[in-house]
Amino acid sequence: MNKPLRKVAVAGMVLLVVLLINVNYIQGSQADKLRTDPLNSRQFAQQWEHNRGPIMAGKVTLAYSEKIGGKDGKEYQRHYNQGTMYSPITGYVSVFSRTGLEAAQNGLLDGTDKRLALHNWFDVLVGKKAAGATVQTTIDPDAQEAAYSGVKNKTMRRGGAVAIDVKTGAILAMASFPSYDTNNVAVHDGTKANKVFESLTKEKPTPLLNYAMRETFAPGSSFKIIDSAAAIESGQYTKDSPADANRLLLPESGQELHNSDGDEAKCNGSPPLINSFAASCNSTFGRLAGMLGQSKLAEMAAKFGFNKPTEVENGMSSATSVYPTKRLGGDALARSGIGQEVVTASPLQMAMVAQAVANDGKLMKPYLVKRVVAQDQSELVTADPKQLGQPISADTARQIQEMMGAVVDHGTASRYLAGRDIAGKTGTAETGVNGINEDWFVGFAPRNNPKVAFAVVTEGPRGSSGAEYSAPIALRIVQAVH
Amino acid sequence: MTSVAAESEVQIATRPRRSAQLGMLVFALVITVASFAQVGLARDGGLPAGMYGYGIGLGILAAGAYFVVARFAPYADPLLLPLAVFLNGLGLAMIYRLDLSTSADWKKALQEGKKLSYIGPSTTGQLTWTALAMIFFAVTLLVLKDIKVLQRYMYTIGAVGLFFLALPGFLPSSISGALGAKIWIRIGGFSIQPSEFSKLALVAFFAGYLVNKRQSLSIVGKKIGPANLPRARDLGPILVIFVICLGVLALENDFGTAILFFGLFVSMLYVATERFMWVLIGVLLLACACLIAPEIPHVAQRIDTWLDPQAYFDGGCRIGGKIVNQTHADVCASKGGVYLADSSQLMFGLFSMGQGGVLGTGLGQGEPWRTPLSYSDFIFTSFGEELGLTGAMVILIVYALIVQRGMKAALATKDNFAKLFAGGVSFVFALQVFVIVGGVTRLIPLTGLTTPFLAQGGSSLLANWILIAILIRISDTARRPAPQPIQDEGMTQVVRTQ
């Protein structure tokens, strides 16, 4: 009976080897995933025990942990410096959840990431918790201040502003309004935290949403940048091509597409495209949309990043900006060309459009983390700028740059920005809600060798415009950037 | 049948290995006491008062066991006893760690007059059972001088095993039921799980029956296709008992044990008849069982939560064709949904293991108590959390060693009954570890079985210590040198027998 017995012995051994492999799979390769599983409440219960590393913007500390003793003498309180201004960037740690960079960089901040274990192998060996690493963001504190206070002081309801480094895609400022103090939700007491969250959720519009990237608005005339890009890329137009700017009657309803946003006097005849762009003639671009067709516009919008979320950091994704791909009628197509109808865009998306134009057509991936440094000063993560694509050629980009300069020189923004070394496109979209307008200014500065691209959206009363409401904020942001 | 060549392959150590055994036993005890010390240091910030008590208690028991083995089974495999003591001690340390009433905070609160209620892990209970189990171990070694005695009473043993297996199924649920299965017998504060003992009894019965009928089982009765089936009168009785077992277990909702019996039956039939056909038939039957099993609600729940535990976390509820998690039964009903199952225990166990990672949090420094039954069914994930992948692998390797030492004893012994018995219990031991550890680590659907030597529970400890005693007896017999003639008196030989 020994022959079959040996085989049974091998079978028994196989069972245990399979268990060994499975345990290795779970604890070796799946451990991180299990630890950060959203259903795993341990991570929130234990997080106060971690001496989380700070989050920095330049020399300014945005978030830090303070030892407060607590019931086991090893509790830490998370503090936020100007939490209201920086909430879209840092996010928070609470009893219930984590958001923003606190979530995206959690493993490195709380010291549980494997990369840190290598640096602190001795601590790990003796069972001490690894010290958290420092996350250095790409944010420029002065630009952030200019963006947040600018939007806060001007907008009636909601607003957002994003500034991006043209060459790298590094986010220099990301402001959202209304906002909330992240210190209020980082309390250890679950009932208290729950109350704060409940009242924040009830507020309309809720301050918990990051309006700079997690919400979309009608881009209005700022979408004409994408129309122009599609037109010039098609080869049928240059910035100087004559384009019909006369009154446009919509093909289906026969109604007129008003030039409410632009300068009526300049929108007639067949001026060069650059002039219609500067004056923001709806008639020109509504017509242009019809001639180019929906698929060309959709294609160009997608190349700039529309119709899919953009991931800024791990788990920090933008809301999807939309240019419709379902067939539009003639009227709707014309309106989509002026950023109305169902076209929506997040401030981050429009800043990306401006960035690609300013960077001679190369679209860079936006990011927030410049570097992560362990306590022993060794660099664990260094930002590696990535190109997402090239939606337009360098030549097209330069023509659009010039067109955006014309907007400031003698176009819709000249009243507020004349003489400034900045370029951009205004946008004003009526929301139909309480007579509120979405007021945009999307552009870059300086005009030669651009450094900063931006998009600012505020909500003003009926009659307000992007030039009046958002362009001055954009100017202050670019002036603040070091 | 057994060829002489095959037998002689097995190397048999014919000298006692007492010092090796003693050395490893001391090592196992040192690890246990160190574990207690670490729990105390981490949890209460000082060496625990209980450490000496539990350490000395376990030490005395181990010493007793060692002397019994050294005196009455000197040639036995030196590894089996230390391995069992190691696992038992480690289990005690984990239960001590999970047992709140052994913690300094708890005692302080009690002294301050705070009312605290907590039922669950009990270190003193487990130590008492350990003591009882090791006494049973010694008694088994003392009484069972020759394993063949069991063969003589095999029908009685088989009948008693079957009786106790079936008993909980016929008792009212208040006595036998808990957590969806009816597998206990509770009298007063005392509860036993008879299937643990029935398992051993039925191995003995199968081994005895198969050894007796080995030759006749090879006589071909019927031929169905390529399969040569034995005559009905040879296979019949064993088949009947097997089907009764499975029926009883289905009645009691004890599917873990059903898998054990199935594996036991197939492997022993294969070893006895040396015909691979039985394995094929077994696999075929298993495939059929896998098709039928999802029709049983209790099993279907386990399979669903195994396939997609996220969907059932903290209560899975089907509302309009979609399964929504974190919906308790009452909430589910109020929303007009159908409540399905809850996978949170499984998920908690996995989270626990994930928390441990490669090196673990350290004994007393994790939070394994978050998982329900962290001291019994889920004790393996508790070890995974506090000792990490490293500790979990050590435990699995120790299990593998026990299985292989058992198999080695089976190969070495010349007696066919002992051979079948040792082979059978060793394989079932491996299968049991596979089913419970595989269940809590989401390798296979979860079924409740005890984790041998580690999990809290008296029946399991008793049965497993008896199993070790029998393996030690078999290996002692196998490795004992052949009787030597002490005098050459021509045709007459005087032989020393024991």
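This is a predicted model: local features need pLDDT of at least 70, side-chain atom pairs count only at pLDDT 80 or more; totals for chains, interfaces and linings use all residues.
Me: What percentage of chain B is buried?
Reply: A residue is buried if 20 or more other C-beta atoms lie within 10 Å of its own. Chain B has 498 residues. The buried share of them is 48%.

Me: Among contacts in chain B between residues at least 6 apart in sequence, what share joins residues at least 24 apart?
Reply: Start with the contacts in chain B whose partners are at least 6 apart in sequence. Then keep those that join residues at least 24 apart. Their share is 69%.

Me: Which element gives the largest share of the side of chain A that touches chain B?
Reply: The contact takes 29 residues from chain A and 50 residues from chain B. On the chain A side, α1 (2–29) and α2 (31–35) are the elements that give two or more residues. The largest share is 18 residues, and it comes from α1(A).

Me: How many residues on the side of chain A that touches chain B are nonpolar?
Reply: That side also holds 9 polar and 4 charged residues. The nonpolar residues number 16.

Me: Which strands are the edges of the open sheet in chain A?
Reply: The sheet has 6 strands in the order β3-β2-β1-β4-β10-β11, with mixed pairing. An edge strand here pairs on one side only. The edges are β3 (75–80) and β11 (379–382) of chain A.

Me: Which residue in β2(A) stands opposite Met56(A)?
Reply: Strand β1 (residues 55–57) of chain A pairs with β2 (residues 60–69) of chain A. The pairing is antiparallel, over 3 bridges. Opposite Met56(A) stands Thr61(A).

Me: At what angle to β2(A) does helix α4 of chain A run?
Reply: Helix α4 (residues 83–90) of chain A lies across β1, β2, β3 and β4 (134–137) of chain A. Its angle to β2(A) is about 95°.

Me: Why is strand β6 of chain A described as largely enclosed?
Reply: Strand β6 covers residues 171–177 of chain A. It is largely enclosed by the rest of the structure because the buried residues number 7 of the 7.

Me: What is omega for the cis peptide bond between Ala445(A) and Pro446(A)?
Reply: Pro446(A) sits in the loop between β14 (437–445) and β15 (452–460) of chain A. For its cis bond to Ala445(A), omega is about -15°.

Me: Is Asn449(A) buried or exposed?
Reply: Asn449(A) is in the loop between β14 and β15 of chain A. Its phi is positive, near 55°, though it is not glycine. Asn449(A) has 8, so it is exposed.

Definitions and conventions:
Residues are numbered from 1 along each chain as its sequence is written. Chains are lettered from A and ligands numbered from 1 in the order in which they are written. A residue is buried if 20 or more other C-beta atoms lie within 10 Å of its own, exposed if 12 or fewer, and partly exposed in between; C-beta atoms are placed from the backbone. Two residues are in contact if their C-beta atoms, placed from the backbone, lie within 7 Å. Helices (H or I, at least four residues) and strands (E, at least two) are DSSP runs, numbered from the N terminus. Ala, Val, Leu, Ile, Met, Phe, Trp, Tyr, Cys and Pro count as nonpolar, Asp, Glu, Lys and Arg as charged, and the others, Gly among them, as polar. Two strands pair if DSSP finds at least two bridges between them. Axes are lines fitted to C-alpha atoms, for helices over the stretch in contact, and angles run from 0 to 180 degrees between N-to-C directions.
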